Amino acid sequence: MRILASDGMEKSAIAKLREQGNEVVVPETTPTPDELCQLVKEFDVLVVRSATKVRVPAIDSAAEAGRLKLIIRGGVGIDNIDHEYAKTKGIEVRNTPRASSDAVAELALAHMLSCARFVSAAGHSMRENKWEKKAYAKGIELGGKTLGVIGYGRIGQSLGRMARALGMKVLAYDIFHVEGIENENMKYVEMDELLANSDFISLHTPSLDGKPLINADTIAKMKDGVNIINTSRGANIDENALLDALNSGKVRSAGLDVWAEEPSKNEALYSHPMVSCTPHIGASTVEAQKRIGAEIVDIIGKFFA
């Protein structure tokens with residue numbers, strides 16, 4: 001098989017695929033949409049992460065050539081692929097939902113801790129040769145607080161377990177309810193109840209037609225001083241509404257790993273003193289990338305068996 005890893009792939013996975021007799025091509029840079037339309041004509045498998053967007057024109061180009069049979073998203077969501085359309089063209093779409101769940105959940109928790117104790121801002125101030133002990137004297141503790149998780153799939157459940165270990169109560173909103181996991185410290189609720197009662201809110205859902213889940217209306221329903229965490233999709237938050245709420249104090253802090261535009265150009269938001277920020281690194285751990293690579297190898301092997 002000829003395999004195009006347009007956003008790169010873990011080295012051991014590449015080696016394993018090549019050992020099996022496959023050709024693996026890793027471009028130096030992420031292909032542009034026009035470049036992708038040409039490349040997909042020449043490969044049996046396309047592997048992407050989050051940078052490559054596989055839209056209708058690329059799928060049409062691949063279908064016309066008739067070679068591409070499988071698209072794999074190395075990660076959880078597949079909203080950067082027009083997957084339903086791809087299936088109508090005879091191209092299957094897979095992902096690796098289990099491999100990076102704990103890594104993303106741990107980053108969400110890291111942002112919660114950073115927001116609670118000013119880790120990002122205080123560390124930055126020290127690198128500017130400042131010792132602002134009093135400025136960061138009003139941290140808060142996670143123990144005893146309520147975490148609202150929007151999207152209680154694998155990542156949300158992993159974060160929920162971590163939060164409960166720290167003494168937090170967990171409220172979850174999801175259209176699907178997993179049986180047998182509710183207890184006195186975790187329960188499913190409707191969205192408005194979650195918004196009104198959570199001290200921290202963490203997003204773990206795919207982007208829904210680009211419409212933000214967090215906007216001026218939903219923020220107005222939240223507690224004063226709420227803390228918002230997003231390691232899901234940048235489109236899930238209206239960044240202007242979030243910035244206004246941070247400036248007014250309605251939102252105490254935000255921890256953001258994903259952005260409406262990447263790389264982000266919203267300097268006012270990522271430079272805000274009450275924002276803990278990272279450049280979309282949720283699944284970027286050594287362990288998660290090895291698991292993702294292994295799962296990709298497994299998917300390809302079983303698909304073409």
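Q: Is the crossing of H1 and H12 left-handed or right-handed?
A: In this predicted model, helix H1 covers residues 11-19 and helix H12 covers residues 286-303. Their axes come within 8 Å of each other. The crossing of H1 and H12 is right-handed.

Q: Which residues of H1 and H12 make the contact?
A: The residues of this contact divide into 4 nonpolar, 1 polar and 1 charged. H1 supplies Ala13, Lys16 and Leu17. From H12 come Gly293, Val297 and Ile300.

Q: Are H1 and H12 roughly parallel or roughly antiparallel to each other?
A: The axes of H1 and H12 cross at roughly 25°. Angles under 35 degrees count as roughly parallel. H1 and H12 are therefore roughly parallel.

Q: What is the reach of H12 from its first C-alpha to its last?
A: H12 has 18 residues. At 1.5 Å a residue, 26 Å is expected. The reach in the model is close to that, at 26 Å.

Q: Which residues of H12 are buried, and what covers them?
A: The buried residues of H12 are Ala288, Gln289, Ile292, Gly293, Glu295, Ile296, Val297, Ile299 and Ile300. Their cover includes the helices H1 and H5. It also includes strands E1 (2-5), E3 (45-48), E4 (70-73) and E5 (92-95).

Q: How do H5 and H7 lie to each other, and with which handedness do they cross?
A: H5 and H7 pack with their axes 8 Å apart, at an angle of about 50°. That angle makes H5 oblique to H7. The crossing of H5 and H7 is right-handed.

Q: How do the residues of the contact of H5 with H7 divide into nonpolar, polar and charged?
A: On H5 the contact is made by Ser101, Asp102, Val104, Ala105, Glu106, Ala108, Leu109 and Met112. On H7 it is made by Arg154, Ile155, Ser158, Leu159, Arg161 and Met162. These residues divide into 8 nonpolar, 2 polar and 4 charged.

Q: How far apart are the end C-alpha atoms of H7?
A: Helix H7 has 12 residues, 154-165. At 1.5 Å a residue, these should span 16 Å. The distance between the end C-alpha atoms agrees with this, at 17 Å.

Q: What covers the buried residues of H7?
A: In H7, Ile155, Gly156, Gln157, Ser158, Leu159, Gly160, Met162 and Ala163 are buried. Their cover includes helix H5 (101-117) and strands E6 (146-150), E7 (169-173) and E9 (200-203).

Q: Which glycine with a positive phi follows H7?
A: H7 ends at residue 165. The glycine that follows H7 has a phi near 85°. This residue is glycine 167.

Q: Is phenylalanine 118 buried or exposed?
A: Phenylalanine 118 lies in the loop between H5 and helix H6 (119-127). Its phi is positive, about 60°, although it is not a glycine. With a relative accessibility of 10%, phenylalanine 118 counts as buried.

Q: What is the relative accessible area of histidine 280?
A: Histidine 280 is in the loop between strand E12 (275-277) and H12. Although it is not a glycine, histidine 280 has a positive phi of about 55°. Histidine 280 is partly exposed, with a relative accessible area of 25%.

Terms used
Residues numbered from 1 in each chain as written. Predicted model: local features only at pLDDT ≥ 70, side-chain atom pairs only at ≥ 80, totals over all residues. Heavy atoms only, no water. Axes fitted to C-alpha atoms, helices over the stretch in contact; angles between N-to-C directions. Helix = DSSP H or I, 4+ residues; strand = E, 2+ residues; numbered from the N terminus. Parallel < 35°, antiparallel > 145°, perpendicular 65-115°, else oblique. Left-handed = near helix turned anticlockwise from the far one by under 90°. Contact = heavy atoms within 4.5 Å. Nonpolar A, V, L, I, M, F, W, Y, C, P; charged D, E, K, R; others polar. Expected span 1.5 Å × (residues − 1). Buried < 20%, exposed > 50% of the residue type's maximum accessible area, 1.4 Å probe, protein only.
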